[in-house]
Amino acid sequence: MFGIPLHRLIIHFPIALTIIALVYDSWALYTKKPELHKTGYGLTLWAAVGALAAVVTGLQLAQMIRIDKGAVTGHAGFAIGSTILLVAVGGVRYSAQAQERKGYPI
């Protein structure tokens, strides 16, 4: 896009959203305000979506510019691992939110 790899534009959003979600959830636990968990929940879901987009664009970028596979392996391995973890956390939070809406006690 305009000569700028899309990966460089996307990569910082999931990192920042994850950190901000952690701050909101910590703040909710510290102040005992459960409504702040809803903000953390939304931020976690958007961070998971952004992480998936960052991994896809990063793998496309690595293939396009033909970087040495040894150099990409560590970076891509960490990115894929952290994305799997973030998507799992988002899935667990989504499941808990869906059960809460049904009225099941937690």
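Thr18 is partly exposed, with a relative accessible area of 32%; buried means under 20% relative accessible area, exposed over 50%, and partly exposed in between, with a 1.4 Å probe and protein chains only. The model is predicted, so local features need a pLDDT of at least 70 and side-chain atom pairs count only at pLDDT 80 or more, whereas totals for chains, interfaces and linings use all residues. Residues are numbered from 1 along each chain as its sequence is written, and side-chain values rest on heavy atoms, with hydrogens and water left out.

Thr18 belongs to helix H2; helices (H or I, at least four residues) and strands (E, at least two) are DSSP runs numbered from the N terminus. Apart from residues up to four places away in sequence, Thr18 touches Ala47 and Leu86, where contact means heavy atoms within 4.5 Å. Between the C-alpha atoms of Thr18 and Leu45, which stand 27 residues apart along the chain, the separation is 9.2 Å.

## The chain as a whole

The protein chain has four helices and zero strands, and its elements follow the order α-α-α-α from the N terminus on. Of its 106 residues, 26% are buried. When contacts between residues at least 6 apart in sequence are considered, 68% of them join residues at least 24 apart.

The accessible surface of the chain comes to about 7800 Å², and carbon and sulfur atoms account for 71% of this surface. Accessible areas come from the Shrake-Rupley method with a 1.4 Å probe, and for residues only the protein chains shown count as cover.

Helix H2 spans residues 12-31. With 20 residues, H2 reaches 28 Å from its first C-alpha to its last, close to the 28 Å expected at 1.5 Å a residue; the expected span is 1.5 Å times one less than the number of residues. The buried residues of H2 include Pro14, Ala21, Asp25 and Ala28. These four lie on the same side of H2, because they cover an arc of only 55° around the axis; the arc is that of the directions from the helix axis to the C-beta atoms.

On the face turned away from this buried side, H2 carries the exposed residues His12, Ile19, Leu22, Val23 and Tyr30. Ile15, Ile19 and Val23 form a nonpolar surface patch with about 280 Å² of accessible area together. Patches are made of residues with over 30% relative accessible area and no salt bridge, with like charges joined within 9 Å and nonpolar side chains (Val, Leu, Ile, Met, Phe, Trp, Tyr) within 5 Å.

Side chains of opposite charge can pair when their charged atoms come close. One salt bridge is counted in the model, the rule being a side-chain nitrogen of Lys or Arg within 4 Å of a carboxyl oxygen of Asp or Glu. In this bridge the side chains of Asp25 and Arg93 meet at 2.6 Å, N to O. Asp25 lies in H2 and Arg93 in helix H4 (residues 69-102), so the pair ties together parts that are 68 residues apart in sequence.

Asp25 is buried, at 16% relative accessibility, and Arg93 is buried at 19%.

Thr44 lies in helix H3, residues 35-64, and is buried with a relative accessible area of 6%. Not counting residues up to four places away in sequence, Thr44 touches Ala21, Val89, Gly90 and Arg93. H3 itself has 30 residues and extends 44 Å from its first C-alpha to its last, close to the 44 Å expected at 1.5 Å a residue.

Leu86 is located in helix H4 and is buried, at 14% relative accessibility. Leaving aside neighbours within four places in sequence, Leu86 is in contact with Thr18, Ala47, Ala48 and Ala51. Leu86 and Ala51 are 35 residues apart in sequence, while their C-alpha atoms are 7.8 Å apart in space.

## After the helices

Lys32 is found in the loop between H2 and H3 and is exposed, at 71% relative accessibility. Although Lys32 is not a glycine, it has a positive phi of about 60°. Just after H3, Arg66 takes a positive phi of about 55°.
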